[in-house]
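Colleague: Could you walk me through the ring contacts in this one? I'd like to know what to look at.

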Amino acid sequence: MTSSPIPVDLFVSKKHPGLTGADLGFADASGNVTFRLNRQSSPKNKRLFLHSTGNPLISIYRCRNGSWQGFTGEDDQKQCIFRVQRTVNKLTRTELEVFLVGENGEDSASKLKVKGCPFHKSCTIYRGNDIVAQTSLMYKLRQLYAKRNKFRLTIFPGSDDHALVAALVVIFLD
C-alpha cells in the first residue's frame, strides 16, 4: 500500500471470509482482506505475514530472550528489516521499542515505539512524537462493553509501510 493523504482503517479479525483456523485478517473498509497473519505450527516461534494474494511479506520470529525479529519474505535467510524489544510489560501497560534495520545490517537511529494495553486491543505506534497508527476496539451505540474479537487499526498519513505497522500490532498483541 502506498502512503495515503487521509487515515486508512483496517479491521482486524479472525472471522473475515476466506481465513482459515488460526489466521488473523486485516480488511479494508470494503471488507477485502489486505493482509493475513498465518501462525506457523512449526516452528512455534514463527509468524508469517502475507499479502492478500498469499505472497509472504514479512517473517516474524520470537527470539529466546523475548525479543522479535522481522525478515523480508518467507524465511530468516532474507534481510532483517526490524528488531523489537519489550521494554515495559505490566498488567495494564506494555511498551515495545522497534529498531529498523538499515541496508548494512545495523540498527538505524530512526525507531518506533509501541505503547498500550494488549487486553483492550489498544495501542499507539509513535515515530518520535508523531503518531503513526492506533488500534481501538469496535464500539457500537448502546453497547456497554465492546467485543474483543474485532478491532480497528488506523494508519495515519506519512506511514509508507502499512505491512510493517500491521506486523508491529501483531507482535504487540502476542
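This is a predicted model: local features need pLDDT of at least 70, side-chain atom pairs count only at pLDDT 80 or more; totals for chains, interfaces and linings use all residues.

Colleague: How many aromatic pairs turn up in a search of the whole structure?

Modeller: Residues are numbered from 1 along each chain as its sequence is written, and side-chain values use heavy atoms, with hydrogens and water left out. Rings of Phe, Tyr and Trp (its six-membered ring) pair if their centres lie within 6.5 Å; planes under 30 degrees apart are stacked, over 60 edge-to-face, the rest tilted. On that rule, the count is three.

Colleague: What kind of pair do Tyr61 and Phe71 make?

Modeller: Their ring centres are 5.8 Å apart. The planes sit at 80°, so call the pair edge-to-face.

Colleague: Is Phe71 buried or exposed?

Modeller: Buried means under 20% relative accessible area, exposed over 50%, and partly exposed in between (1.4 Å probe, protein chains only). Tyr61 comes in at 13%, so that one is buried. Phe71 has 9%, so Phe71 too is buried.

Colleague: Which side chain does Ser67 join through a polar contact?

Modeller: At 10% relative accessibility, Ser67 counts as buried. A polar contact is a pair of N or O atoms within 3.5 Å; within protein, one must be able to donate a hydrogen and the other to accept it, and residues adjacent in sequence count only if both atoms are side-chain atoms. Here the contact is 2.6 Å, and the partner is Asn65.
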